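These are my notebook entries on a single protein model. I set down what I looked up, in the order in which I looked it up.

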Amino acid sequence: MKMPRIIAIPIFLLPWIVAICVVGWIVLNRFPPNGHFVAVTTFAKSNAFINPFLPSERVSVPGKQPDGWTGQRITGDPTYMTARVPGPYERVDVELEFRAVHQPLIEFGIVKDAEGKDLDLEPLFFEGLMTDEWKKTNGGYVRNAMNATRLLSGAPEGIATWDATATVALLEDPGGDARETKVSLRGAHDVYVVPAGGNIDVTFGLQDVNRKRGNTTAVFRVFRGDEEIFREALGTSGSRDTRMGEVFEFRVFIPKVRPGAYRISFQSDDDVFIRSIKTTSRRWVVGPRLNFGDVVGYATSTMAGHAWTTSRHIVAETFHTEGLQTLTLGPASVRVTKTHETYRLDRTDAETRPIELVAPQGDLRIVGDGWFALRVDAFFEPKPKRLTDGTNVDLERVDGVITDFEKPEPIGEGWYRSQKTFMIDPSLDRLRFVLSAPGIMSRAGGVDIRRIKLTYRRDPITLSGWTMLLKQELINAWRRL
């Protein structure tokens, strides 16, 4: 019996209609006409576009947590989250709902290249700025009683920076005779100086201690703010058979400079030592990295490391057994008992003047949140101190913070909502996000994440735009083969 035409045609067309609808649905989701694609996870189940945070030893298993909420708890630093990109897009908005547990500072960012070298990390949360005592102003935050223009003055006292650049302080001292300071600094260092008599005049005594044949290249660069005004490379010519090289001098002299705080960046490997610094500048400091080197083979006795600093939080490390010692910073101290391990030292006093740092054996690499004067009368602050997870804005008398940080929105019971926007490479089919919670393990803290929303954005589709999208999609598919 022959099926009536009026029935046969719909039956024949139905699979094609379904296929066309499915393809259309996929295309509209892959290439939404308005240029927006949204992916959301609450960690209650797996998501095709958003993966949980890793590595597993620094996070909890996603899902319902022991104290009743649903999400994922971060307990180590750093952690990473990957996301599958649903096509060629130009930017992504990341909305997080999070809660900080005994963790005062959090940063969040994205790895912008496939090699994982270009990291864009931005401020997400700082407990010290979340009270009503702080007001938003041009360039950052100041206390309510403080003039809003204070951040733009360039004066570093009482100011901190967080992921931002401060205005150059206009500093200058009268000229005078050069004074020499014997030091033992190993490898790369930044030296900040105030011009004296309108000039920068610093002579470094250098020594290459590499006992193998061959030269080492070192570079001196001078900056005023972010502007480079001087650069010169030199070969240290340090080795003679198995002996250390001789101490030789290199002078950085720049006449008629503008007032300011200038950074002399000495770049070399750890085989090159600075043995002396002679300068007409009355104010000069080193930091935030300070590497006290040994003097074995150069002097007959150990040279202790002495510096004066307003740093309140430092970490120290040694690579030789000769560097095992007790490090003191004013009233605080820490015993360095093992090589290749970092030791943290935090001050709790209310002193704001520079205090003495002593490493009796030298041979210690130190990083602080401030600068170090190697002469007690040479100390100055070239720029505001860095805001860190250990910064106590009240105890350290911080009255202003230069930053582009935007306070997250409180949504109740300690939870916050924050949104970050990142430009992305349309050729990437996966994104890698980074959450940094420095010091979280030492304070047994946590960062709870209960919801993440990713909104991918590009311009609304036009006919020419459609062609470009298809071309980019084909290129991406070819690269994945």
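I looked up strand β14 (residues 217-224) and strand β15 (residues 227-235), which run antiparallel and are joined by 8 bridges. Strands here are DSSP runs (E, at least two residues), as helices are (H or I, at least four residues), numbered from the N terminus; two strands pair if DSSP finds at least two bridges between them. Opposite V222 I found F230 of β15. The hairpin of β14 and β15 has 2 residues between the strands, and G225 takes a positive phi near 65 degrees there.

I note the basis of these entries. The model is predicted, so I record that local features need pLDDT of at least 70 and side-chain atom pairs pLDDT 80 or more, while totals for chains, interfaces and linings use all residues. Residues are numbered from 1 along each chain as its sequence is written, and side-chain values use heavy atoms, with hydrogens and water left out.

How many aromatic pairs does the structure hold? I recorded 17 aromatic pairs. Rings of Phe, Tyr and Trp (its six-membered ring) pair if their centres lie within 6.5 Å; planes under 30 degrees apart count as stacked, over 60 as edge-to-face and the rest as tilted. F220 and F266 form a tilted pair, 4.9 Å centre to centre with 35 degrees between the planes. This pair links distant parts of the chain, with F220 in strand β14 and F266 in strand β17 (residues 262-267), 46 residues apart. Buried or exposed, I asked of F220? F220 is buried, since its relative accessible area is 0%; F266 also counts as buried, at 1% relative accessibility. Buried means under 20% relative accessible area, exposed over 50% and partly exposed in between (1.4 Å probe, protein chains only).

I also noted a cluster in which ring pairs link F37, F49, Y89 and Y456. R458 lies over the face of Y89, at 4.0 Å from the ring centre. The charged end of R251 sits over the ring of F253, 4.6 Å from its centre. A charge sits over a ring if NZ of Lys or CZ of Arg is within 6 Å of the ring centre and within 35 degrees of the ring normal.

A nonpolar core is a set of buried Ala, Val, Leu, Ile, Met, Phe, Trp, Tyr and Cys residues joined through side-chain atoms within 4.5 Å. The largest one has 47 residues, and those with the most contacts inside it are F433, I449 and Y456. Strand β34 (residues 446-457) gives the largest share of this core, 5 residues. Apart from this core lies another, of 45 residues, with L185, L234, A359 and L374 among them. In soluble globular proteins, nonpolar side chains tend to be buried together.

I then listed the contacts of F433 (heavy atoms within 4.5 Å). Leaving aside neighbours within four places in sequence, they include T79, M81, V92, F108, F422 and L454.

T79 is found in β4 (residues 79-84). Which residues form the covered face of β4? T79, M81 and A83 form the covered face, and Y80, T82 and R84 the uncovered one. T79 is buried because its relative accessible area is 0%. Among the residues T79 touches, not counting those up to four places away in sequence, are F53, P55, I74 and F433. β4 pairs in the antiparallel sense with strand β33 (residues 430-436) over 6 bridges. The bridge partner of R84 in β33 is R430.

Entry 5, an open sheet. I traced 5 strands in the order β8-β9-β30-β10-β29, with mixed pairing. β8 (134-137) and β29 (385-386) are the edge strands, each pairing on one side only. Strand β9 (residues 140-143) and strand β30 (residues 400-403) pair in the antiparallel sense over 3 bridges, and I402 in β30 is the bridge partner of G140.

T310 is found in the loop between β21 (305-309) and β22 (313-317). T310 counts as buried because its relative accessible area is 9%. Beyond four places in sequence, its contacts include R347, P354, W371 and K385. The C-alpha atoms of T310 and E396 are separated by 9.6 Å, and these residues are 86 residues apart along the chain.

The secondary structure of the protein comes to 2 helices and 34 strands. Of its 481 residues, 47% count as buried.
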